Amino acid sequence: MRLKSIKEINGTIKLLTGTRIGGSADLIEIGGNDNPVIRNPLTSELYIPGSSLKGKIRVLTEWLEGKVEGGEVHSCDKNDCPVCRVFGRSAQNSKVAKSGPTRISIKDAYLTEESKRELEKLKNRTGLDTEWKYENNINRITSEATPRNLERIPAGIEFDFKITYKVLDMGDNGKIDEDMFEKVVLRGLKAILLEGIGGGTSRGNGQIEFTKLLVDGEDLKDSINNIVIG
Ligand SMILES: [Zn+2]
């Protein structure tokens, strides 16, 4: 087993609709926002955790690969399972599969400098750097409405993200990992373009586009847009 190469994706996500990447309400005063978005606790700046992007791409890949059973995170001991090989598996499964380390690593995505300035302006104008959206649940019998308050990162904001991917030569000169990069990682990026990120995507939250997408310095934005799923 030899680490043949590490591929690097550098991109920028632009939010096309308000997006909810949930944080913790623990630090919020009672009566305040009970559905906060996630922030860096030191700077209070909005960010998208790498785990959140990874989780979304993994779930969509599990669905595409027919690996969804019973609602748990998929993990198996098949050496060539695309989900486990790319996104990781349990320690026990890993011992049997002998497929080496998790191939993908997704870093936290941070606000672009321009978006930081935009949010600063928004905060000066409104006192907030996010949008609070009220949604109603309607009781089907009494028609009584239960409003809830959701915080969203506003549309138009951009985050820089970075993904690395290890290609291991497992006696195949890295061919399986090279194939999985196309079939799992690039397809997964297309899947989040179609599905969105964060919570409430079925209600229109979290729609995105890539305003930049470089794979080892090569612009693959159009190629990813052109991937057909299914
Ligand atoms: Zn698996």
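Biologist: Why is Val-68 called partly exposed?

Modeller: Val-68 has a relative accessible area of 33%. Buried means under 20% and exposed means over 50%, so a value in between counts as partly exposed. The model is a predicted one. Val-68 sits in the loop between α1 (50-64) and α2 (82-87).

Biologist: What makes the nonpolar surface patch there?

Modeller: Val-59, Trp-63 and Val-68 make the patch, about 300 Å² in area. Patch residues need over 30% relative accessible area. Val-68, at 33%, passes that cut-off.

Biologist: How do you know that Glu-8 and Lys-162 meet in a salt bridge?

Modeller: Their N to O distance is 3.7 Å. The cut-off is within 4 Å, so the pair counts. The two residues are 154 residues apart, Glu-8 in strand β1 and Lys-162 in strand β7.

Biologist: Why does the pair of Arg-103 and Asp-177 tie together separate parts?

Modeller: Arg-103 lies in the loop between α3 (91-97) and β3 (104-106), and Asp-177 lies in helix α5, so the pair joins parts that are 74 residues apart in sequence. The closest N and O atoms of this salt bridge are 2.7 Å apart. Both residues are buried.

Biologist: Where do Lys-175 and Asp-179 lie?

Modeller: Both are in helix α5, four residues apart, about one turn. Asp-179 has a relative accessible area of 30%, so Asp-179 is partly exposed.

Biologist: Where is the kink in α5 centred?

Modeller: On Phe-181, with a bend of about 35 degrees. Helix α5 still reaches 29 Å, close to the 30 Å expected.

Notes: Residues are numbered from 1 along each chain as its sequence is written. This is a predicted model: local features need pLDDT of at least 70, side-chain atom pairs count only at pLDDT 80 or more; totals for chains, interfaces and linings use all residues. Side-chain values use heavy atoms; hydrogens and water are left out. Patches are made of residues with over 30% relative accessible area and no salt bridge: like charges are joined within 9 Å, nonpolar side chains (Val, Leu, Ile, Met, Phe, Trp, Tyr) within 5 Å. Accessible areas come from the Shrake-Rupley method with a 1.4 Å probe; for residues, only the protein chains shown count as cover. A salt bridge is a side-chain nitrogen of Lys or Arg within 4 Å of a carboxyl oxygen of Asp or Glu. Buried means under 20% relative accessible area, exposed over 50%, partly exposed in between (1.4 Å probe, protein chains only). The expected span of a helix is 1.5 Å times one less than its number of residues. The bend at a residue is the angle between axes fitted to the seven residues ending there and the seven starting there.
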